[in-house]
Amino acid sequence: MHRKDFLRNTGFAAASLALASSNKLFAASADTKVKMGIIGVGQRGLNHLDLLLRREDVELVAICDIDDRTLNSAKEIINKSGKKMPEIFTGDNLAWKKMLEKKQMDGIVIATPWEWHKEMIIGSLESGIKYVGSEVIIGISLEDHWEVVHAAEKYKAHVMMLENVCYRRDVMAVLNMVRQGLFGELIHLQGGYQHDLREVKFNNGNDVYGHGAEFGEKGYSEAHWRTEHSVHRNGDLYPTHGVGPIANYININRGNRFISLCSFSSKARGLHNHIVKQGGESHPNAKVNFKLGDVVTTSINCVNGETILLQHDTNLPRPYSLGFRVQGTEGLWMDVNKSIYIQDKSAKAHQWDEAKQWLDKYDHPLWQRWSKETAGAGHGGMDFFVIHALVESIKNKTATPLDVYDAATWSAISPLSEKSIDLGCQTVEFPDFTGGQWMYRKPVFALTDTY
Ligand SMILES: NC(=O)c1ccc[n+]([C@@H]2O[C@H](COP(=O)([O-])OP(=O)(O)OC[C@H]3O[C@@H](n4cnc5c(N)ncnc54)[C@H](O)[C@@H]3O)[C@@H](O)[C@H]2O)c1
């Protein structure tokens with residue numbers, strides 16, 4: 001199929017699937033079960049494992065990881081579920097390739113360190129898998145993102161980045177409000193990743209969180225790999241939780257697109273100070289120079305005239321907040337102070353309403369329908385929806401509601417922001433991964449209560 005036809009058809013298919021109501025959810029006989037595999041069953045992969053095991057319409061046929069400790073945790077969870085033990089692939093960094101050669105799978109979930117995602121996504125597509133769900137960040141360089149897009153097009157397959165914040169309950173209620181015009185025409189949006197990760201980036205090599213100043217070879221879980229990115233890179237290294245919801249609000253790649261980006265970085269102090277506090281001045285890691293600025297601020301311009309401000313803030317003491325602000329000609333939502341103001345509709349002029357009353361009133365149909373199933377799923381239940389969307393897309397043989405163009409566009413903010421900072425905070429052009437199709441593609445995300 002020609003690239004443009006593929007783009008159009010997948011968009012059309014997703015729209016029609018979203019409009020069709022399915023009454024067969026979760027029901028499947030043994031031979032129609034969706035065959036799934038997971039590469040990477042670390043902290044995040046174990047969550048996905050749990051969600052896949054809960055479903056009667058999924059057969060987990062294989063898992064792969066290189067760490068015995070986490071594989072043992074995975075086995076324990078599988079045994080407890082009463083489901084059949086999947087084949088386990090392990091031993092070395094390329095064991096996943098053997099898994100792809102040997103097992104027939106309808107879909108795969110990738111939850112490994114960022115630097116593996118591109119290779120694993122493309123390897124999965126080359127092996128014939130048509131549905132790949134990758135954890136956030138699909139590549140490191142800009143070229144990686146193009147390679148993933150081209151591979152999805154070449155194999156006529158679906159790559160969904162498992163961006164769970166798009167499904168957060170308040171985020172979806174605000175999407176509902178945006179679509180019903182409560183905020184008027186959107187003008188400016190903010191978001192980001194403002195999360196004190198010091199105890200994630202450093203631990204004692206045994207605990208997942210904290211109790212030490214180790215990283216790299218001596219660190220465990222994300223301290224084993226993520227911290228290296230703070231040593232060698234300076235940019236918005238984790239943009240998708242903030243930008244994903246924003247992109248859905250303003251229909252990026254579906255009638256709108258990012259056209260340019262500019263990033264600024266502060267000095268870097270937080271990680272060094274944390275090491276000294278944990279391990280003292282003489283700790284060997286106290287000599288490490290961290291390239292990542294403590295607060296990286298990125299501005300993005302959109303072709304339809306909106307501005308976006310993203311902040312990456314992971315090295316300093318602070319409570320967690322993604323810092324959303326959605327502002328239009330009629331009013332705005334700010335999630336930090338949990339407030340909404342709508343001109344002529346809020347209780348008092350110039351005064352905030354508590355967001356809750358609005359968010360409850362505009363609760364998204366997906367949450368109204370599936371809130372029972374979200375119980376116990378990670379991050380307040382929103383994790384349920386990414387796996388649900390992936391599996392339902394496979395069952396319905398349609399495009400995933402978040403597609404490879406969304407994945408590439410959101411994730412490419414990292415290398416673009418690095419480039420901007422490297423050039424002395426110059427504005428850089430945003431590539432159009434859709435090749436002009438953004439003008440014709442229609443919104444498909446969360447149009448109904450199906451998935
Ligand atoms: N969406 C979210 O809310 C959310 C939350 C946490 C993490 N994440 C993302 O999930 C991904 C994984 O993060 P994590 O916290 O689980 O990290 P982790 O370090 O706990 O887990 C990664 C796992 O991948 C395994 N692995 C590494 N190389 C491998 C290889 N070559 N073959 C097979 N397995 C390999 C490791 O042994 C480890 O078990 C990252 O992309 C991270 O950003 C997303």
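Guide: In what follows, a helix axis is a line fitted to C-alpha atoms over the stretch in contact, and an angle between two axes runs from 0 to 180 degrees between their N-to-C directions. Two packed helices are described by the angle between their axes and the distance between the axes. The model is a predicted one.

The account begins with helix α10 (residues 240–249) and helix α15 (residues 404–411), which pack at an angle of about 130°, with 9 Å between their axes. Angles of 65 to 115 degrees count as roughly perpendicular and those over 145 as roughly antiparallel; α10 and α15 are therefore oblique to each other. Their crossing is right-handed. On the α10 side the contact involves Thr240, Val243, Gly244 and Ala247, and these meet Asp406, Thr409, Trp410 and Ser411 of α15. By class, the residues of this contact comprise three nonpolar, four polar and one charged.

The crossing of α2 and α3 is right-handed. From α2, the contact draws on Leu46, Leu49, Asp50 and Leu53; from α3, it draws on Ser73, Ala74, Ile77, Ile78 and Ser81. Sorted by class, the contact of α2 with α3 has six nonpolar, two polar and one charged residues.

The crossing of α2 and α14 is right-handed. Here α2 contributes Asn47, His48, Leu51 and Leu52, while α14 contributes Asp383, Phe384 and Ile387. The class division for the contact of α2 with α14 is four nonpolar, two polar and one charged.

The largest share of the shell around the ligand, three residues, comes from α2. Each of α2, α5 (114–126) and α9 (222–232) supplies at least two residues of that shell. In total 27 residues surround the ligand, and the closest are Gly40, Gly42, Arg44, Asp67 and Glu135. The shell consists of 11 nonpolar, 11 polar and five charged residues.

The protein chain is divided into domain 1 (3–165) and domain 2 (167–364 + 404–439). Both domains give residues to the shell around the ligand, so the ligand lies between them. Taken over C-alpha atoms, the centres of domain 1 and domain 2 are separated by 25 Å. Between the domains, 22 residues of domain 1 are in contact with 26 residues of domain 2. On the side of domain 1 that touches domain 2, the elements giving two or more residues are α1 (3–19), α6 (142–154) and β6 (158–161). Helix α6 gives the most to that side, with five residues. By class, that side of domain 1 has 13 nonpolar, six polar and three charged residues.

Note on methods. Residues are numbered from 1 along each chain as its sequence is written. This is a predicted model: local features need pLDDT of at least 70, side-chain atom pairs count only at pLDDT 80 or more; totals for chains, interfaces and linings use all residues. A residue is near a molecule or strand if its C-beta atom, placed from the backbone, lies within 6 Å of it. Helices (H or I, at least four residues) and strands (E, at least two) are DSSP runs, numbered from the N terminus. Ala, Val, Leu, Ile, Met, Phe, Trp, Tyr, Cys and Pro count as nonpolar, Asp, Glu, Lys and Arg as charged, and the others, Gly among them, as polar. Domain bounds come from an automatic or database domain assignment. Two residues are in contact if their C-beta atoms, placed from the backbone, lie within 7 Å. Angles under 35 degrees count as roughly parallel, over 145 as roughly antiparallel, 65 to 115 as roughly perpendicular and the rest as oblique. A crossing is left-handed if the near helix is turned anticlockwise from the far one by less than a right angle, and right-handed if clockwise.
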